[in-house]
Each structure stands twice: as C-alpha cells, then as structure tokens.
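Colleague: I am new to this structure and would like to learn how to read a few of its features. Could you take me through them slowly?

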Amino acid sequence: MIAIYKRETASMLRSMIGWVVIAVLLGIAGIYFTNGNLNYGLPYFGYVLSSVSFFLVFLCPALTMRTFAEEKRQKTDQLLLTAPVSVGSIVMGKYLALLTVFAIPTGIFALYPLILNQYGAVPMAETYATLLAFFLLGAACLAVGMFFSSITENQVIAFVATVVTLLVSYLMDGLKTFV
C-alpha cells in the first residue's frame, strides 16, 4: 500500500492536474477570503469554506478521473492486480494519495484564521471544526469520484458522471421541492 501511495502521490504532483486543482482551490478561497473577511471584516472563515464547497463539485472529479480509468485504458491495471498487494491496499493507497493532495490546500486554509486573528477575535473552535467538515466533504467527493473512475475506462465519462452525481447531491435541498 505504501508503494502505491507514494507512486500515486508523486504521479499527481508531477502532473499538471494536481497543481492546477490546488492552485484553483487556493485562488477561489483567496478571493472569497479577501472579499468577505478582509474587506468586510467578518470573523467567520466558515463563509469562505461554504462558498468554496460548491467548487469541489468540479475540482474533485478533476483529481479522481485518472485514478482507475487511466489504469484500465493503458491496461496497467492487470499488472497492478497481479502484484502481491490486495485490492483493498490498492484502493486505499490511491485514496490516501488523493487525500494527501487535497490536504495541501486544506492545510493552507488552516493558516487563514490565524491571519484573521491578528485583526480581531475569531471563534477558533468553530473555524477549525468547519475546516474539518470541509476536509471530510472533500474526502467524500473524492470517494465518489474514485467510484466512477473504477467503473469506466474513459476519463471523460468518469469526470462527467462524478460532476452530475455531486451536483445533484449539492442541489438536493432545492430539488426536493420539485419532487
């Protein structure tokens, strides 16, 4: 599992997609942080994470679309499955690599409340609980993306199916009134 974790983490950080997802997530959060917290003086970082959570619908599928679909397309999944590693270890290694890449911007987000604390009182317990909930939401989105990547060998289909599923679940509160 450790070898798969290292290989997948290095693969995501060597490719452009890992860095683009990190940069876009940090850029969007920076815009909302500057506008809401610094310009208007709001001490609640949860507003930023609430706004950024919508973009997880598109960024998490971008990270996960390659995990298993690319292995199937290149036929390297057969090599991976015949290795002396269980299927659960393969899945956990890939999932932990995705979580590591997602933890990079989340760890940087943990510095934002400390910046706000320099200018006033910030409810730290509430802020870091919100940050933990954001990380867990991202982990759930990554799991959905890995599922769709595992059932198809086309990356675009995995991306679109994940986006549709996450978008429907994000908009479920508004959709329940129509049903």
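This is a predicted model: local features need pLDDT of at least 70, side-chain atom pairs count only at pLDDT 80 or more; totals for chains, interfaces and linings use all residues.

Colleague: Is Thr162 buried or exposed?

Modeller: Buried means under 20% relative accessible area, exposed over 50%, and partly exposed in between, with a 1.4 Å probe and protein chains only. Thr162 counts as buried because its relative accessibility is 0%, and it lies in helix α10, residues 155–170; helices here are DSSP runs of H or I, at least four residues long, numbered from the N terminus.

Colleague: Which residues is Thr162 in contact with, leaving aside its neighbours within four places in sequence?

Modeller: Contact means heavy atoms within 4.5 Å, and with those neighbours left aside Thr162 is in contact with Pro61, Val144, Gly145 and Phe148.

Colleague: Where does Lys75 lie?

Modeller: Lys75 lies in the loop between α5 (69–73) and α6 (77–82), and with a relative accessible area of 47% Lys75 is partly exposed. The C-alpha atoms of Lys75 and Leu111, which are 36 residues apart along the chain, are separated by 42 Å.

Colleague: How accessible is Val168 in relative terms?

Modeller: Val168 also lies in helix α10, and at 37% relative accessibility Val168 counts as partly exposed.

Note on methods
Residues are numbered from 1 along each chain as its sequence is written. Side-chain values use heavy atoms; hydrogens and water are left out. Helices (H or I, at least four residues) and strands (E, at least two) are DSSP runs, numbered from the N terminus.
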